[in-house]
Amino acid sequence: MQHISPPWRLPPEWTPQSGVMLAWPHAHSDWSHFLAVAERVYEDIARAVCAHEKLLVVCYDAAHRDHIARRLLHQVPAGNLQLVIVPSNDTWVRDYGPITVLATDGEPQLLNFRFNAWGNKFRFTLDDAVNRHLDGQRIFSAAMQDIELVLEGGSIDTNGIGDLLTTTTCLLSKQRNPHLDQRQITEQLQHLLGIPNILWLTQGHVEGDDTDAHIDTL
């Protein structure tokens, strides 16, 4: 079956952007035993981002939102900071956040892929629902489309001129999309991301890596 590519493409990471999305560490996340240290790092990130563009922070609940607001008070420009309540399991929003693609006229479109915590390794139901909750609160100005494929943002990388890099150990994991083989996943990536050339790395194990060799880790 021939797939017609959508009228958009996945941009490279150095494409100019208008904002960054973070999920702030909380007591229910993996950072619970190192929360004070993690939050200081996130404060540094927030200051760096807000100095140049907008920052959207996902907060676990109202108390968490108020806590973050107090920490960032007088540290970042208020006009560049938006705090929104959506419960999450953890902070790895690079992997479960929406993936932005650009239409031919430059307008963004958000793709909401499924997330299952790198092959059902951890709790993930809250993380998998974050994007839909944000869209329901009309946080995004761009339209969002739900995609049934399990895919993490850190598992793919593109040069912006037609090539995408990924790994077989990650995307071909039977804990992610067991009903799809390499050819089928290749076709879906080509179709969904507007990228004709999918390059598969077959080696690259990193000790202690829960992602099954994400390309951003390698």
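This is a predicted model: local features need pLDDT of at least 70, side-chain atom pairs count only at pLDDT 80 or more; totals for chains, interfaces and linings use all residues.
Residues are numbered from 1 along each chain as its sequence is written, and side-chain values use heavy atoms, with hydrogens and water left out.

The largest pocket has a volume of about 1,300 Å³, and of the 35 residues that line it, Gln17, Gly19, Val20, Pro98 and Thr100 are the closest to its centre. By a pocket I mean, on a 1 Å grid over the protein atoms alone, an open set of points where a 1.4 Å probe fits, with protein on both sides within 12 Å along at least five of seven lines, and lining residues are those with an atom within 4 Å of a point. Grid points are joined across faces, edges and corners, and the volume is the space filled by probe spheres set on the points.

Several elements give two or more residues to this lining, among them β2 (19–23), β3 (54–59), α3 (93–96), β5 (99–103) and β8 (157–158). Helices here are DSSP runs of H or I with at least four residues, strands are runs of E with at least two, and both are numbered from the N terminus. By class, the lining of the largest pocket has 19 nonpolar, 12 polar and 4 charged residues, where Ala, Val, Leu, Ile, Met, Phe, Trp, Tyr, Cys and Pro count as nonpolar, Asp, Glu, Lys and Arg as charged, and the others, Gly among them, as polar.

The second largest pocket has a volume of about 360 Å³. Its lining consists of 20 residues, and Thr91, Trp92, Val93, Arg94 and Asp95 lie nearest its centre. At least two lining residues come from each of β2, α1 (35–50) and α3, and the largest share, 4 residues, comes from β2. This second lining divides into 11 nonpolar, 4 polar and 5 charged residues.

A salt bridge here is a side-chain nitrogen of Lys or Arg within 4 Å of a carboxyl oxygen of Asp or Glu, and a search of the whole structure finds 14 of them.

Another joins aspartate 128 to arginine 114 at 3.0 Å, N to O; aspartate 128 lies in helix α5 and arginine 114 in strand β6, so the pair ties together parts that are 14 residues apart in sequence. Aspartate 128 is buried at 17% relative accessible area, whereas arginine 114, at 33%, is partly exposed; buried means under 20%, exposed over 50%, and partly exposed in between, with a 1.4 Å probe and protein chains only. Elsewhere, Lys121, Glu152, Arg176 and Asp212 are linked in a network of salt bridges.

Now to the strands. β8 and β9 (residues 163–167) run antiparallel and are joined by 2 bridges, two strands being paired if DSSP finds at least two bridges between them. They form a hairpin with 4 residues between them, and glycine 160 in the turn has a positive phi of about 80°. On its other pairing, β9 runs parallel to β10 (residues 197–201) over 5 bridges, and there threonine 167 has leucine 201 as its bridge partner.

Alanine 117, with phi near 55°, is found in helix α4 (residues 117–120) and is buried at 0% relative accessibility. Arginine 138, with phi near 60°, sits in the loop between α5 (125–136) and β7 (144–150) and is exposed at 75%.

Finally, how many disulfides does the structure hold? There are 0, a disulfide being a pair of cysteine sulfur atoms within 2.5 Å. The sulfur of cysteine 59 is 12 Å from the closest cysteine sulfur, in cysteine 50, which is too far for a bond. Cysteine 59 is buried at 1% relative accessibility, and cysteine 170 is buried at 0%.
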